[in-house]
Amino acid sequence: MAFEPVYDSAVIDTYAKLGTGQAVVEARLLPKPETRIAKVLSTSCSVGIGSAETFTGEARYLGRVNFKVLFETADGNVEVLDYNADFSDKLEAKSATTATKTHFTATVLDMDITAAEEDVVKLAAVIEVTLYGCEREDVKYLSRGSENLYTHEDRVKCCTLVAQSDEMFVVSDSVTDLGGYEILAAEAEVFTYKREADDDSVTLEGEASVNFMLREKNGGSLSNKRIRIPVSQQCRADGVRLGDTVTGEMCVKNIAISTSESGEDSVSEIELTLKSDLLIFRDGEITPCVDAFSLENELLPTVRSVEISIPKGDVCVDDVVEGSVTVDEKLPLADTVLGTFGARVNISNVTAHDGKAVAEGMLGCNVVYFNAEHGSSNTVFAQVPFSLDLNCPFISEGDSVSAVAGVKDVNVKIRRGNELSVRADVCVTLMPGYNCVSAVISEIKLGEAKQPREAALSVHIAKKGETAWEAAKALELTPEDVIAQNPDVVMPCAGGERLVAYRRLYRQSK
């Protein structure tokens, strides 16, 4: 009988976190020449990654940090400094190559004022950049045996990248009910609640949360206001089909505000420039041989370990973070909360469980308040640790899960003069993935001939769940002979069954 194993091959894409790095970005913000800074009330920043390029073992990227400083002038007015700081850096990614398809996320870990004077504010932000990548490899595997080669196949899940989509688009809204205030600046985040693949396109739906820094037109008093802008966009993605898995997000690239006066009323038009950054995958399956035996010969298999990571699709989950903050004893007591600015959420750890994920992290925001006795505005930076149980039906124990989060709204109330309660509506984006390692036979050769068994009868005690193929390998029979010689045994075995093998022995005549 001929030894003719049959091979097949498959293109497998593995999507995984490839590397994480940190960059420090510094900025020097200058007010107008005639303006003097008396007190900094709030600082905030947001970050985005622009162009990127991967090389063997590393990725280089360009980013931009938008700094905003809310301050009180020497004559009691409130002003804003707004500055974009471009930066470039690289991070190590050992498995990256020039062919790796990439997706970046960036978050602000920390920000400090390094100097504050009448004519300058210096800031430094610590940015964490995470690289996700799609790596492609051709996997050759034994797909079936031949007449004298018995094989055991396994079903292995896999996926392939079918499209990458990034588009710029604009959403807009207007604000009219500002009650005598004017807009100084705005902070915005966008949250993606739906990512749905269709034929040659992906539909994104979500909402943007915009926080306005407001100043009273006459008295210069400070306030803030939040609005929600619905977002719906269909992005072109050639080759995509209904049911494909979409991972990625939308991000805010620019905020434009224009105000027009109409008598005593004013209308502010808000335009957000958004960008999609998406990878689309298609689930598949291969059935490689993971074990084999021959009745006549020993086998010499070459076994290859294949690591597979399959994205399950991103999901956004809303939740609430609550806590309290105490005003430093060196600061005056709080009588009125004027506004909250620079809110951010950092996820420090996320773990997967069946049907949910537990996300731990820290909420931070600047709370600007007024003290009537001193007639002064003051700021306290609120930090609230949290642990959230986030329901997600398709997450399973053992999945890898990454997460990023943003703030949709913040409410602060005064409990006592030196204690503030903070309640924030947050949105956590979970990025779960199914991981497995499969050992497949990539090549197999015949070894030496086996010595025939001398016993006419062999007995094998079955293990729980043992199949006819596994019993055949142990008894050195064909699976068909195992079933024929043990007709009363139900496969797979319950465990403890006595399986027998009858052989006809031929003796050489003397």
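Predicted model: local features only at pLDDT ≥ 70, side-chain atom pairs only at ≥ 80, totals over all residues.
Biologist: How many bridges join β1 to strand β6?

Modeller: Strand β6 covers residues 120-144 and runs antiparallel to β1. As one point of reference along this pairing, V25 stands opposite A125 in β6. The number of bridges that join β1 to β6 is 23.

Biologist: Is the aromatic pair of Y15 and Y132 stacked or edge-to-face?

Modeller: The structure holds six aromatic pairs, and in the one formed by Y15 and Y132 the centres are 6.1 Å apart, with 20° between the planes. Planes under 30 degrees apart meet the cut-off for one class, and therefore the pair of Y15 and Y132 counts as stacked.

Biologist: How many residues apart in sequence are the parts that Y15 and Y132 tie together?

Modeller: Both Y15 and Y132 are buried, and ring pairs link these two residues and F281 into a cluster. Because Y15 lies in strand β1 and Y132 in strand β6, their pair ties together parts whose separation in sequence is 117 residues.

Biologist: Over which ring does the charged end of R60 sit?

Modeller: The structure has a charged end over a ring at K157, which sits over Y434 at 5.2 Å from the ring centre. For R60, the charged end lies 4.6 Å from the centre of the ring it sits over, and that ring belongs to F55.

Biologist: Which residue in the turn between β3 and β4 has a positive phi?

Modeller: Strand β3 (residues 58-73) and strand β4 (residues 78-92) run antiparallel and are joined by 15 bridges, with E72 standing opposite V78 in β4. The two strands form a hairpin with four residues between them. The residue in the turn with a positive phi, of about 95°, is G76.

Biologist: How many disulfides does the count come to?

Modeller: C392 is buried at 1% relative accessibility, yet its sulfur is 11 Å from the closest cysteine sulfur, in C316, which is too far for a bond. C436 is likewise buried, with a relative accessible area of 18%, and its sulfur is 9.1 Å from the closest cysteine sulfur, in C158, again too far for a bond. With a cut-off of 2.5 Å between sulfur atoms, the count of disulfides comes to zero.

Methods: Residues numbered from 1 in each chain as written. Heavy atoms only, no water. Pairing = 2+ DSSP bridges. Phe/Tyr/Trp six-rings, centres within 6.5 Å; stacked < 30°, edge-to-face > 60°. Buried < 20%, exposed > 50% of the residue type's maximum accessible area, 1.4 Å probe, protein only. Lys NZ or Arg CZ within 6 Å of the ring centre and 35° of its normal.
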